[in-house]
Amino acid sequence: MASDPKVHIFEEVAKHNKTKDCWLVISGKVFDVTPFMDDHPGGDEVLLSATGKDATNDFEDVGHSDSARDMMEKYYIGEVDPSTVPLKRTYIPPPQARYNPDKISQFVIKILQFLVPLLILGLAFAVRHYTKKE
């Protein structure tokens with residue numbers, strides 16, 4: 001690791017959240033893991049989900065091996081300014097589906113699409129049964 005590490009602002013690090021440009025903050029250190037995206041055993045989705053936040057807990061919870069920790073050194077690019085790291089990630093609720101009054105009519109249509117053919121089939125069997133010559 002460098003003797004005089006560059007200090008990055010958290011907002012700057014959070015902008016690097018794409019497959020072709022991915023930085024992570026782990027234990028106050030910044031890692032450019034872009035070259036490792038294709039080789040990560042958990043896939044690139046795991047790394048991308050850890051961007052834009054302090055990924056220390058995510059990293060530690062998995063229980064990485066010593067060789068994985070040693071491998072991190074080649075991706076080290078500096079430190080993160082601790083005063084710029086948000087204490088808690090703000091929760092943004094997923095967008096709610098708007099109320100659709102037509103949904104009930106759509107449900108009725110789907111039920112009818114199922115029941116009408118059954119009724120026709122039942123009617124065909126009934127007509128055949130009662131018109132059959134013995």
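Start with the largest pocket, which has a volume of about 410 Å³. A pocket here is an open set of points on a 1 Å grid over the protein atoms alone, with protein on both sides within 12 Å along at least five of seven lines. The volume is the space filled by probe spheres set on those points.

Before you click on, note that this is a predicted model, where local features need pLDDT of at least 70. Residues are numbered from 1 along each chain as its sequence is written.

Now select Phe36, His40, Leu47, Phe59 and His64: of the 21 residues lining the largest pocket, these lie nearest its centre. Lining residues have an atom within 4 Å of a point. Next, colour β3 (21–26), α2 (44–49), α3 (56–62) and α4 (66–71), the elements that each give two or more residues to that lining. Helices (H or I, at least four residues) and strands (E, at least two) are DSSP runs, numbered from the N terminus.

Of its 134 residues, 23% count as buried, meaning under 20% relative accessible area with a 1.4 Å probe, protein chains only.

Last stop: helix α5 (residues 102–131), where you can pick out Leu119. Leu119 counts as exposed because its relative accessible area is 60%, and the cut-off for exposed is over 50%.

Notes
Predicted model: local features only at pLDDT ≥ 70, side-chain atom pairs only at ≥ 80, totals over all residues. Heavy atoms only, no water. 1 Å grid on protein atoms, 1.4 Å probe; cavity = no way out; pocket = protein on both sides within 12 Å on 5 of 7 lines; lining within 4 Å.
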